[in-house]
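Here are my notes on the model you sent. Please read them with the structure open.

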Amino acid sequence: MNQSLIARFYSKLPLSLKGRKKASQEWLIRQFKDPYVEKAKIENYRCRSSFKLIEMNQKYKLLNPGETVIDIGCAPGSWSQVCVRAINSDGRDKTKVKGFLIGIDKQQIYPLEGVTFLGNTDFTTQAAKEKILKALEGRKVTTIVSDMAPNSSGIKSLDQENIMELVNSVFDFSKNLGANTMLVKVWSNGELGKYVNAVKEYYETCRYVKPDASRSDSAEMFILARGFKSKNSTQK
Ligand SMILES: C[S@@+](CC[C@H](N)C(=O)[O-])C[C@H]1O[C@@H](n2cnc3c(N)ncnc32)[C@H](O)[C@@H]1O
């Protein structure tokens, strides 16, 4: 890292941030330089991640008024903000059908109009699935989006195992509900080919997507599956 750049940004940091480790300083500098961070502030999004979903939605038309959507790993809530507008779950646009949105996360989530948030809830548990089903009140789920990510352990193989556990739980849920679209965040790893093949058994199309707003130096990407075939697909 360029030392003069560190010095320049470091001089602008609040006093409480000074004295932090180099890795924290570098993270802060990256935030300062990131145009999406600034844009998120200007456009009132809770974080920069919003632009990943906006971009994918613009390209693939994932979210439409009147749909029922589940946003998994939703805290702090910027994907939910994007979903609310796109599916009209707050009913703001009286000319369009009102959608329904559930957001779930292990963390607490600050309320947002148009979303039923299930905070402090680990999605991988049976209790979480039951909470979601109850909140759905019989509605048919159109789309499941997941931006869930495990905390990084620093051990590559363990991180891969953890992310695969999360994406598998999203896929199981998605096929049980027969959601027509599933968008799930993954990290590039050797297990993905197997996962994509399993998803293809249930979905007509399945592709990798890397939006521009996803940092190019990150292993993060998304798998987009569309066109649910049937619950009785061959490989169960
Ligand atoms: C990258 S953040 C999501 C950002 C969010 N999409 C937004 O735009 O505001 C990843 C989230 O996944 C959540 N998460 C990780 N594992 C989870 C689990 N097992 N159950 C529920 N949420 C989980 C984390 O708590 C974290 O809030």
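1. Start at Val-170. Setting aside neighbours within four places in sequence, Val-170 is in contact with Ile-72, Ile-144, Ser-146, Met-182 and Val-184. Keep in mind that this is a predicted model.

2. Val-170 also stands out in the largest nonpolar core. That core has 52 residues, and Ile-72, Cys-83, Ile-144 and Val-170 touch the most other members. Which helix gives the most to this core? Helix α7, residues 156-177, does, with seven residues.

3. Look next at Ser-146, one of the contacts of Val-170. Ser-146 lies in strand β4, which spans residues 143-146. Is Ser-146 buried or exposed? Ser-146 is buried, because 27 other C-beta atoms lie within 10 Å and the cut-off for buried is 20 or more.

4. The partners of Ser-146 are worth checking on screen. Leaving out neighbours within four places in sequence, Ser-146 is in contact with Ile-72, Gly-73, Val-170, Val-184 and Lys-185. Ile-72 and Val-184 are also among the contacts of Val-170. Take the pair Ser-146 and Gly-73: they sit 73 residues apart in sequence. In space, their C-alpha atoms are 6.0 Å apart.

5. Of the 22 residues around the ligand, Ser-49, Gly-73, Ser-78, Phe-123 and Asp-147 come nearest. How is the shell around the ligand made up by class? The shell has 10 nonpolar, seven polar and five charged residues.

6. Now the helix pair. Two packed helices are described by the angle between their axes and the distance between those axes. Helix α4 (residues 50-60) and helix α5 (residues 78-87) pack at an angle of about 35°. Their axes are 7 Å apart. The crossing of α4 past α5 is right-handed.

7. Which residues make this contact? From α4 come Ser-50, Leu-53, Ile-54 and Asn-57. From α5 come Ser-78, Trp-79, Gln-81, Val-82 and Ala-86. By class, the contact of α4 with α5 has five nonpolar, four polar and no charged residues.

8. Finally, the whole chain. The chain has eight helices and seven strands. Of its 236 residues, 34% are buried. Among contacts with a separation of 6 or more, 60% join residues 24 or more positions apart. The pair Ser-146 and Gly-73, 73 residues apart in sequence, can be inspected with that in mind.

Definitions and conventions
Residues numbered from 1 in each chain as written. Predicted model: local features only at pLDDT ≥ 70, side-chain atom pairs only at ≥ 80, totals over all residues. Near = placed C-beta within 6 Å. Nonpolar A, V, L, I, M, F, W, Y, C, P; charged D, E, K, R; others polar. Core = buried A, V, L, I, M, F, W, Y, C linked by C-beta atoms within 7 Å. Buried ≥ 20, exposed ≤ 12 C-beta atoms within 10 Å, placed from the backbone. Helix = DSSP H or I, 4+ residues; strand = E, 2+ residues; numbered from the N terminus. Contact = placed C-beta atoms within 7 Å. Axes fitted to C-alpha atoms, helices over the stretch in contact; angles between N-to-C directions. Left-handed = near helix turned anticlockwise from the far one by under 90°.
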